[in-house]
Amino acid sequence: MTLEGLSSVAILGAGKIGGAFVRQILQKTGIRVYATGRRVETLRGAESLGAVATRDNDEAVRRSELVVIAVKPYHFPQLLSEVKQESWKGKIVVSLMAGVKLATLRAALHGAKVFRAMPNLNAYVGKSSTAVSENLYDDASRTVEEFLGLFGQVYWVPEEYLDVWTGLAGSGPAFIAEVLDALAMGAVAAGMPRELSYKAVLDVLEGTAILLKNGFYQHPAMLRDDVTTPAGTTIRGLMVLESGGVKATLMKVIEAAARRSREIGNEIDSRIREKINSRIGHTA
Ligand SMILES: NC(=O)C1=CN([C@@H]2O[C@H](COP(=O)(O)OP(=O)(O)OC[C@H]3O[C@@H](n4cnc5c(N)ncnc54)[C@H](O)[C@@H]3O)[C@@H](O)[C@H]2O)C=CC1
Ligand SMILES: O=C(O)[C@@H]1CCC=N1
């Protein structure tokens with residue numbers, strides 16, 4: 001199935017990332033979107049974008065060929081109890097939940113073609129960097145790749161990278177935002193107004209990203225060296241950066257975020273297995 005063959009998509013949990021998906025789908029395609037949520041504001045927000053808003057997750061799944069799971073990981077067990085098992089059958093399901101493993105998803109969503117993806121909030125403007133696992137089904141994989149392409153760049157990766165991807169690219173916009181805020185505050189400390197500092201910092205980010213992305217420098221360190229004049233301003237700043245251990249700290253930031261993604265995956269896996277076992281226990 002190509003994207004053109006897709007008539008309806010369900011976004012279960014149209015919050016921040018789900019809402020960004022709803023927005024892009026409706027801006028770029030004629031696909032009907034069923035958006036679910038628990039709060040009135042979530043439903044109204046999705047409706048104002050042009051989605052069919054409902055609290056009924058089962059109906060949204062039944063009516064759609066492709067289903068996106070965009071609830072928080074710890075809401076997944078509750079979501080599962082709201083959708084009949086047979087409703088998942090034959091559906092293409094893309095989970096955006098941090099940490100939740102393919103094995104967990106497969107155990108919970110019997111008969112569905114399951115994908116685990118990690119986008120980021122830049123999906124809101126079609127600039128996400130999204131990783132997805134695993135490329136097992138020809139047709140469904142093509143559909144998923146085209147679908148995720150609506151939100152930005154798509155990379156097929158082995159599942160073992162997804163927790164790291166979550167720490168780096170999923171959480172990344174928050175880390176970058178903090179760094180930008182800190183740089184702008186530094187300029188304020190040195191005497192420049194906040195608004196002007198912030199504008200300058202965003203321009204610096206954009207230009208530096210373009211230089212690096214277009215291959216003008218093979219490595220960020222080469223760009224750094226071109227900016228750094230002996231006994232000039234940059235080296236003084238770099239010395240402070242190094243003595244504050246900023247580089248090591250940023251490395252640890254990504255490691256910690258990736259570790260947390262793995263932890264979440266294990267926590268949710270045990271909760272889902274318990275749920276499945278108690279279901280089996282009930283029917284036995
Ligand atoms: N916010 C981000 O930048 C990113 C988030 N993610 C993942 O996406 C998921 C959602 O994250 P956010 O959008 O930040 O959270 P959010 O809280 O903004 O959105 C989740 C939505 O799901 C709704 N919800 C909860 N239980 C529900 C249920 N049983 N049925 C229907 N709706 C239900 C909530 O009311 C809320 O509107 C998480 O699993 C997160 O790991 C992935 C990539 C980036
Ligand atoms: O903070 C989180 O857990 C989610 C996953 C990636 C971005 N937000």
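**Exercise 1. How many residues surround ligand 1, and which are the closest?**

Solution. The model is a predicted one, and the count is made in it. Step one gives the number: ligand 1 is surrounded by 28 residues, and the closest of them are Gly13, Gly15, Lys16, Met97 and Ala98. Step two asks for the elements behind this shell: helix H1 (16-28) and helix H4 (76-81) are the elements that contribute two or more residues to the shell around ligand 1. Of the elements, H1 gives the most, with three residues.

**Exercise 2. Determine whether Asn57 is buried or exposed, and list what Asn57 touches.**

Solution. Begin with the record: UniProt, in an unreviewed entry, places the feature "binding site" at Asn57. In the model, asparagine 57 belongs to helix H3, which covers residues 57-62. Finally, if residues up to four places away in sequence are not counted, asparagine 57 touches Leu12, Thr36, Leu79, Glu82 and Val83.

**Exercise 3. Work out the order of the strands in the sheet, and find which strands stand at the edges.**

Solution. The open sheet is formed by eight strands in the order S3-S2-S1-S4-S5-S6-S7-S8, with mixed pairing. Strand S3 (52-54) and strand S8 (152-156) each have a single partner strand, so both stand at the edges, and one side of each is left without a neighbour in the sheet. On average, and with direction ignored, neighbouring strands of this sheet are turned by 25 degrees against each other. For a closer look at one pair, take strand S2 (residues 32-36), which pairs with S3 in the parallel sense over three bridges; alanine 35 has alanine 53 in S3 as its bridge partner.

**Exercise 4. Describe which helices lie on the sheet, and how H6 and H7 are placed.**

Solution. Take helix H6 (residues 138-149) to start with: H6 lies across strand S4 (66-69), strand S5 (92-95), strand S6 (113-118), strand S7 (128-133) and S8, and runs at about 45 degrees to S5. Helix H7 also packs on the sheet, where H7 touches S6 and S7, and the direction of H7 makes about 40 degrees with that of S6. To complete the picture, check the cover of H7 (residues 162-170), which is mostly covered, with nine of its nine residues buried; Trp165 and Leu168 are among them.

Key: Residues are numbered from 1 along each chain as its sequence is written. Chains are lettered from A and ligands numbered from 1 in the order in which they are written. This is a predicted model: local features need pLDDT of at least 70, side-chain atom pairs count only at pLDDT 80 or more; totals for chains, interfaces and linings use all residues. UniProt positions are given in the numbering used here, feature names are shortened, and annotations may be inferred rather than shown by experiment. Helices (H or I, at least four residues) and strands (E, at least two) are DSSP runs, numbered from the N terminus. Two residues are in contact if their C-beta atoms, placed from the backbone, lie within 7 Å. A residue is near a molecule or strand if its C-beta atom, placed from the backbone, lies within 6 Å of it. A residue is buried if 20 or more other C-beta atoms lie within 10 Å of its own, exposed if 12 or fewer, and partly exposed in between; C-beta atoms are placed from the backbone. Two strands pair if DSSP finds at least two bridges between them. Axes are lines fitted to C-alpha atoms, for helices over the stretch in contact, and angles run from 0 to 180 degrees between N-to-C directions.
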